Amino acid sequence: MLSENEARDAIIVALDCEKDEALDLAKKLSGKARWVKVGMTLFYAEGPQIVRAMHDAGMKVFLDLKLHDIPFQIKGAARSASLSGADILSIHGMGGSAMVAQARAGVEEAAAERDGDRTRLVAISVLTSMDQDSLAEIGVNDKVEDEVSRLAKLAVGAGSDGIVCSPREAADMRQLLGPDALIVTPGVRPAGAAVGDQKRIATPATAMQAGASKLVIGRPITQADSPVDAFEAIVRELVED
C-alpha cells in the first residue's frame, strides 16, 4: 500500500498526442499529477520548448526518446536532452555498455553546466510491444525475461540509473538491481482498460507490488471522458491496495 503522495509520484501520464492536447491535459492535471511522459512524436514536432512548457505547468518530465546510436552521438544527444530539462531520459540498453557510459557522461556534463540535478537515465530492455516471437524475428533466441536481465545488468553496470521493462519483469528486476534502481514500467492498464499494442501488461497495483518505481499510463487517462477522474481512480487503487 502506498501513501497518496507516493501514489501521485509513481504515475507518469504519457502524452502521446499533439501539442495543444498535451498542454490542455497538463493544465487539467496540474496539482494532481506530478509526472508526464513526452515521447519522440511530440518532442520531434515541438522540440525542447515542450519540455519547458511542461515544467511551467508544474510537471516533471520523462523524456522518452529511446536514444540509440554510436557513443559519441549519444553523449551529445543526452547532454542536449538534459539541458532541455528532462528529469528522466530513456536510452536503449541494446546500444551496449560504451553507449550507456557516454549517455551518463552527457547528462553529468549538462548537470555541471546548469548547476542542477542530474537527469536520471533508464535503459530500454525489451519493448512491451515485443514477445518471444518478436525477439526471434531479430535473432534473439533467449527467453524474454533472460534478455531483459542481460540488458539490465549491462546498462546499470555502465551507468544507467535503472531500466524500462514490462510489469511482468519488475519483480525480477527489483531483486536483480536492488532497492535503489529506477524501474519504469509501461504496459500498465487499469482493470477493464483496452490493451492496445502492448503485450506484456499488468494493472497499476500489481506493477507496484512487483517492484516498479514509476508507472507509465497513457490512453486510460488521456482518452477518458474525464482524465482527472481517471487519474484519481488510479491513485485510489494504489493507495487502497
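Buried residues account for 51% of the 241 residues in the protein chain. The model is a predicted one, and its protein chain contains 12 helices and eight strands.

**Overall dimensions and contacts**
- The C-alpha trace of the protein chain spans about 45 × 40 × 30 Å along its principal axes.
- A compact globule of 241 residues would have a radius of gyration near 18 Å, and the 17 Å of the protein chain agrees with this.
- Of the contacts in the protein chain with a separation of 6 or more, 69% are between residues 24 or more positions apart.

**Helix α12**
- Helix α12 comprises 14 residues (residues 227-240), which at 1.5 Å a residue should span 20 Å; its end C-alpha atoms are 20 Å apart, in agreement.
- Its buried residues are Pro-227, Val-228, Ala-230, Phe-231, Glu-232, Ile-234, Val-235 and Leu-238.
- The elements that cover these buried residues include the helices α1 (4-10), α2 (19-29), α10 (204-210) and α11 (219-222), together with the strands β1 (11-14) and β8 (214-217).

**Packing of α8 and α9**
- Two packed helices are described by the angle between their axes and the distance between the axes.
- For helix α8 (residues 144-157) and helix α9 (residues 167-177), the axes come within 11 Å and cross at roughly 35°; the crossing is right-handed.
- From α8, the residues Val-144, Glu-145, Val-148, Ser-149, Ala-152, Lys-153 and Val-156 meet Glu-169, Met-173, Leu-176 and Leu-177 of α9.
- By class, this contact of α8 with α9 has seven nonpolar, one polar and three charged residues.

Conventions: Residues are numbered from 1 along each chain as its sequence is written. This is a predicted model: local features need pLDDT of at least 70, side-chain atom pairs count only at pLDDT 80 or more; totals for chains, interfaces and linings use all residues. Side-chain values use heavy atoms; hydrogens and water are left out. Helices (H or I, at least four residues) and strands (E, at least two) are DSSP runs, numbered from the N terminus. The expected span of a helix is 1.5 Å times one less than its number of residues. Buried means under 20% relative accessible area, exposed over 50%, partly exposed in between (1.4 Å probe, protein chains only). Contact means heavy atoms within 4.5 Å. Axes are lines fitted to C-alpha atoms, for helices over the stretch in contact, and angles run from 0 to 180 degrees between N-to-C directions. A crossing is left-handed if the near helix is turned anticlockwise from the far one by less than a right angle, and right-handed if clockwise. Ala, Val, Leu, Ile, Met, Phe, Trp, Tyr, Cys and Pro count as nonpolar, Asp, Glu, Lys and Arg as charged, and the others, Gly among them, as polar. The radius of gyration is taken over C-alpha atoms; the globule rule is 2.2 Å times the number of residues to the power 0.38.
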